[in-house]
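Work through the exercises below with the sequence and the model in view. Try each task before you read its solution.

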Protein chains: 2
Amino acid sequence: MSKIANTPKPPYYAVIFTSLRTEIGNGYAEAAKRILEIARQQPGFLGYEAARQEMGISVSYWESLEAICAWKEHPEHRKVQTRESEWYSESRIRVCRVERDY
Amino acid sequence: MSKIANTPKPPYYAVIFTSLRTEIGNGYAEAAKRILEIARQQPGFLGYEAARQEMGISVSYWESLEAICAWKEHPEHRKVQTRESEWYSESRIRVCRVERDY
């Protein structure tokens with residue numbers, strides 16, 4: 001069962017990744033799983049939430065912009081990023097500072 | 001077909017609403033639809049994205065914290081808020097400032 005991320009008191013950071021999939025599955029599920037594993041291993045990772053219907057939305061939570069940057073620049077993550085145009089017809093990443101939560 | 005929100009250049013604001021549903025549907029779909037209609041009518045509304053699997057994630061985008069506050073305080077929205085414990089076993093709202101997108 002999915003759980004709502006148990007994030008600490010703000011401020012912290014969120015990366016909202018919104019995407020529409022192509023029909024091409026080749027390697028997608030494995031890559032998505034691996035990228036999340038890498039996230040969980042990064043210092044400063046705080047949590048993760050995801051859902052997909054027509055659109056996919058995944059949100060990862062982080063202590064700092066530096067932690068997000070380190071995840072993004074991880075060699076395996078960079079390699080996966082080069083394949084995103086196969087898997088997604090459209091996607092958008094938004095890097096946010098969480099100001100309040102309740 | 002859902003669309004990725006066509007938001008302007010940052011900074012702008014995002015409200016991430018994450019939830020786990022109860023089994024109780026009574027009035028939920030109508031209320032969710034109405035709350036989105038009210039959002040679209042608010043000055044400063046920029047867009048909306050949503051998906052639900054086990055977990056529901058909806059993200060609304062706004063020009064300012066004042067616009068978010070006006071939506072939250074809309075009389076119909078306030079009324080719906082009193083029923084949320086029927087529809088959701090757990091939920092979390094995070095108000096964020098979008099710093100970058102790409």
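**Exercise 1. Size the interface.** How much area is buried between chain A and chain B, and what share of it do carbon and sulfur atoms give?

Solution.
- Start from the general idea: the size of an interface is often given as the accessible area lost when the parts come together.
- Here, about 3,700 Å² is buried between chain A and chain B, and carbon and sulfur atoms give 57% of this area. Buried area is the accessible area (1.4 Å probe) that two parts lose on being put together, summed over both.
- Next, look at single residues. Ile4(A), Arg94(A) and Tyr102(A) supply 20% of the area that chain A buries against chain B, more than any other three residues.
- Now count contacts (heavy atoms within 4.5 Å). In chain A, 39 residues touch 39 residues of chain B.

A note on the ground rules. This is a predicted model, in which local features need pLDDT of at least 70 and side-chain atom pairs count only at pLDDT 80 or more, while totals for chains, interfaces and linings use all residues. Residues are numbered from 1 along each chain as its sequence is written, chains are lettered from A and ligands numbered from 1 in the order in which they are written, and side-chain values use heavy atoms, with hydrogens and water left out.

**Exercise 2. Find the charged pairs.** How many salt bridges are there between chain A and chain B?

Solution.
- Recall that side chains of opposite charge can pair when their charged atoms come close.
- Apply the rule: a side-chain nitrogen of Lys or Arg within 4 Å of a carboxyl oxygen of Asp or Glu. It gives four salt bridges between chain A and chain B.
- One pair is Arg92(B) with Asp101(A), whose closest N and O atoms are 2.9 Å apart.
- Over all chains, the count comes to 14.
- Among them is a pair within chain A: Arg34(A) and Glu37(A), 2.8 Å from N to O. These two residues are three apart in helix 1 (residues 28-41) of chain A, so about one helical turn separates them. Helices (H or I, at least four residues) and strands (E, at least two) are DSSP runs, numbered from the N terminus.

**Exercise 3. Follow the strands.** In which sense do strand 4 of chain A and strand 4 of chain B pair, parallel or antiparallel?

Solution.
- Strands pair if DSSP finds at least two bridges between them.
- Strand 4 of chain A and strand 4 (residues 88-101) of chain B pair in the antiparallel sense, over seven bridges.
- Check two positions in strand 4 of chain B. Arg94(B) stands opposite Asp101(A), and Cys96(B) stands opposite Val98(A).
- Within chain B, strand 4 also runs antiparallel to strand 1 (residues 12-21), with 10 bridges. Leu20(B) has Glu90(B) as its bridge partner there.

**Exercise 4. Relate the copies.** What rotation superposes chain A on chain B?

Solution.
- Superpose by least squares on the C-alpha atoms of residues with pLDDT of at least 70 in both copies.
- The rotation is 180°, the shift along its axis is 0.0 Å, and the RMSD is 0.0 Å.
- The two copies are therefore related as by a two-fold rotation axis.
- The same surface serves both copies: 100% of the contact residues of chain A recur in chain B.

**Exercise 5. Spot the cis bond.** Which peptide bond in chain A is cis, with omega near 5°?

Solution.
- Most peptide bonds are trans.
- The bond from Pro10(A) to Pro11(A) is cis. Pro11(A) lies in the segment before strand 1 of chain A.
- In chain B, a cis bond joins Pro10(B) and Pro11(B), with omega about 5°.
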